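Thanks for asking me to look this one over. My notes follow as numbered points, to be read alongside the model.

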Amino acid sequence: MCLEGTPFARRIPTPLPGCILSRKPKTGMRSDNTAHKVLSIVKCRVRPNHTRTETTLLEIIHAAGWPIWLLVATSVLGLALIIERFLSLRSNQVFPPRLPGQVLELLRQKNDSSEAVLRLAGNSPLGRVLAEVLVNRGESHAFRLAAIEDVGKDVAHRLNRYLPALATIAVVAPLMGLFGTVVGMIEIFASYTPSGGDPAQLARGISIALYNTGFGIIIAIPALIFHRYFRSRVDHFLHQMEREASVLNRLVSREAAL
């Protein structure tokens, strides 16, 4: 009886991609040339695709040519500046939240000795500004304001440290990428000869131009973003320091008038 085409017909499953179907004779039965082999084991192995090669960072740098090393050095410098500013502009180091209350308590208890003022000045940038108010508490109001303004300028200079360098990286990185693009264009034009062009040299010139342009933009965008972020953070700290110094200066002027 022919069962082909009926639901009872034996159907051999189609092997999946990457799977190996191995047929073994059933135990206890004699293997012959007839169709008495039973599908016993299905071994599925995921074969690695050797045709797809992973492009490593070193291969990209090699394809980008020697101008990429200038961008690599610039990116390392920019990353170091960003990490340093993140660590230096933390709120608990620049503007400790409990410090203004502690200074007011020192002022009420008349415990503003020279040792306490020195510890306050070395505590943080905010402590240095407030310590300047306490040091000049016996001077006139105009003299005290001038002293606060001078120390505020120095604190602002320290808080803005390395930010001009980060802004320079944001400006220079695209120019370095453009320089790499020019080098790649030179490679492209050098590949043409009267007898014809060299495809390998042409492809290398294109890769140099594109990789350097892309790397320059990738470096410039984060540098510009973090520069604006740190500038706004410094401005916020300076505004808070100015407010706290004004409050302390008014209290000192009120005590001097009594």
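1. Let me start with α5 and α6. Their axes come within 7 Å and cross at roughly 150 degrees. An angle over 145 degrees counts as roughly antiparallel, and α5 and α6 therefore run roughly antiparallel to each other. Please keep in mind throughout that this is a predicted model.

2. Which residues bring α5 and α6 together? From α5 come Val-117, Leu-120 and Ala-121, and they meet Gly-127, Arg-128, Leu-130, Ala-131, Leu-134 and Val-135 of α6. Sorted by class, this contact holds seven nonpolar residues, one polar and one charged.

3. The helix α6 also packs with α4, and here the axes are 11 Å apart at an angle of about 20 degrees. That makes α4 and α6 roughly parallel, because angles under 35 degrees are counted that way. The crossing of α4 with α6 is right-handed.

4. On the α4 side of that pair you will find Leu-99, Pro-100, Val-103 and Leu-107, which meet Leu-126, Gly-127, Leu-130 and Leu-134 in α6. The classes here are seven nonpolar, one polar and no charged residues. If you are comparing the two lists, Leu-130 is one of the α6 residues that meet α5, and Leu-130 is also among those that meet α4.

5. Where does Phe-95 sit? Its place is in the loop between α3 (91–94) and α4. Phe-95 has a relative accessible area of 12%, and the limit for buried is under 20%, so Phe-95 counts as buried.

6. The surroundings of Phe-95 are worth a look on your screen. Leaving aside neighbours within four places in sequence, Phe-95 is in contact with Leu-126, Phe-237, Gln-240, Met-241 and Glu-244. Asn-123 is 28 residues from Phe-95 along the chain, and the C-alpha atoms of the two are separated by 9.7 Å.

7. Now for the interior. In soluble globular proteins, nonpolar side chains tend to be buried together. The largest nonpolar core in this model has 39 residues, of which Leu-159 and Met-241 touch the most other members. At least two residues of this core come from each of α1 (57–64), α2 (68–88), α4 (99–108), α5 (114–121), α6 (125–135), α7 (141–159), α8 (163–190) and α9 (199–257). The helix α9 gives the most, with ten residues.

8. What does Leu-159 touch, neighbours within four places in sequence aside? The contacts of Leu-159 are Arg-85, Leu-89, Val-94, Pro-125, Val-234, Phe-237, Leu-238 and Met-241. Phe-237 and Met-241 are in this set, and both are also among the contacts of Phe-95.

9. Is Ser-246 buried, exposed or partly exposed? Ser-246 lies in helix α9 and has a relative accessibility of 31%. That value falls between the 20% and 50% limits, so Ser-246 counts as partly exposed. Ile-148 is 98 residues away from Ser-246 in sequence, with 9.2 Å between their C-alpha atoms.

10. Finally, the chain as a whole. The protein chain has nine helices and four strands, and from the N terminus on they run β-β-α-α-α-α-α-α-α-α-β-β-α. Of its 258 residues, 28% are buried. Among contacts with a separation of 6 or more, 74% link residues 24 or more positions apart.

Conventions. Residues numbered from 1 in each chain as written. Predicted model: local features only at pLDDT ≥ 70, side-chain atom pairs only at ≥ 80, totals over all residues. Heavy atoms only, no water. Core = buried A, V, L, I, M, F, W, Y, C linked by side-chain atoms within 4.5 Å. Buried < 20%, exposed > 50% of the residue type's maximum accessible area, 1.4 Å probe, protein only. Contact = heavy atoms within 4.5 Å. Axes fitted to C-alpha atoms, helices over the stretch in contact; angles between N-to-C directions. Parallel < 35°, antiparallel > 145°, perpendicular 65-115°, else oblique. Nonpolar A, V, L, I, M, F, W, Y, C, P; charged D, E, K, R; others polar. Left-handed = near helix turned anticlockwise from the far one by under 90°.
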